[in-house]
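Please keep the structure open beside the text while reading.

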Amino acid sequence: MTPPPSGSPRRATRERRTRETTVTVELSLDGSGAAASETGLPFFDHMLSQLGRHGGFDLTVAARGDLEVDAHHTVEDVGIVLGEACAEALGDKAGVRRFASIALPLDEALVEVALDLSGRAYLAYDVALAPETPPLGSPPFDPQLAEEFWRAFVTAAAVTLHVRLVTGKNTHHILEASFKAVARCLRDAVRVEGAGVPSTKGTL
């Protein structure tokens, strides 16, 4: 992966093909919030649309996976490809704000997120849901898969991400608040507000 030259449009297109999935992601970090997703999982599409809209990104996701087996492969691979696209679009990260955090409410749900474009992959995901929590949408999206999506994303994007549920009862509200909160943190963290790489090491 060759970083884009400084000053070039921060966008990327990435694709992944396996025996289980085919995933294509187009991402522009300096977009208008236009988002479209077709993964075969309507609830997951809804969450990805939140990520693009509230992140201020232009985001297109197309995925075909073995949903007859399980949604896990599709969700995880979308996270991988989106993370790769984010890393490529960021390039050397010169001038980015780097850090961001937010406490975001959605009705009774409140989620805290903190993010660092650190170059080090780390996920702290503290969103406790009961094991018997029913899936959302049809075909079904298991709420536990949200953690697998974020783990795949942070690994491929090489970012540090903390997601913590403060309070909440409605599963839809909890997950939507978490996606919106990550989106807003990404929007703030990737914002260019300087010139050099924001690290004493000189690289991220």
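A salt bridge is a side-chain nitrogen of Lys or Arg within 4 Å of a carboxyl oxygen of Asp or Glu. The model is predicted, and a search of the whole structure finds 11 salt bridges in it.

**Salt bridges**

- The side chains of glutamate 84 and arginine 14 meet at 3.5 Å, N to O, and form a salt bridge.
- Because glutamate 84 lies in helix H2 and arginine 14 in strand S1 (residues 11–17), this pair ties together parts that are 70 residues apart in sequence.
- Arginine 14 has a relative accessible area of 24% and is therefore partly exposed.
- Glutamate 147 is joined to arginine 151 by another salt bridge, in which the closest N and O atoms are 3.0 Å apart; both residues lie in helix H3, four residues apart, which is about one turn of the helix.
- In an α-helix there are 3.6 residues a turn, so residues three or four places apart point the same way.
- Glutamate 147 counts as partly exposed at 22% relative accessibility, and arginine 151 is also partly exposed, with a relative accessible area of 34%.
- Between arginine 191 and aspartate 188 there is a salt bridge whose closest N and O atoms are 2.8 Å apart.
- Arginine 191 counts as partly exposed at 37% relative accessibility, whereas aspartate 188, with a relative accessible area of 18%, is buried.
- Salt bridges with shared partners also join Arg14, Glu84 and Glu88 into one network.

**Helix H1**

- Helix H1 (residues 42–55) consists of 14 residues and reaches 20 Å from its first C-alpha to its last, which is close to the 20 Å expected at 1.5 Å a residue.
- Several residues of H1 are buried, among them Phe43, Phe44, Met47, Leu48 and Leu51.
- The buried residues of H1 pack against strand S3 (35–38), S4, helix H2 (72–90), helix H3 (145–157) and helix H4 (171–189).
- Glycine 56 follows H1, and its phi is positive, near 70 degrees.

**Arginine 64**

- Arginine 64 is found in strand S4 (residues 58–65), and at 60% relative accessibility this arginine counts as exposed, because the cut-off for exposed is over 50%.
- If its neighbours within four places in sequence are left aside, arginine 64 is in contact with Glu20, Thr21 and Thr22.
- Arginine 64 and proline 139 are 75 residues apart in sequence, and their C-alpha atoms are 13 Å apart in space.

Technical notes:
Residues numbered from 1 in each chain as written. Predicted model: local features only at pLDDT ≥ 70, side-chain atom pairs only at ≥ 80, totals over all residues. Heavy atoms only, no water. Helix = DSSP H or I, 4+ residues; strand = E, 2+ residues; numbered from the N terminus. Buried < 20%, exposed > 50% of the residue type's maximum accessible area, 1.4 Å probe, protein only. Contact = heavy atoms within 4.5 Å. Expected span 1.5 Å × (residues − 1).
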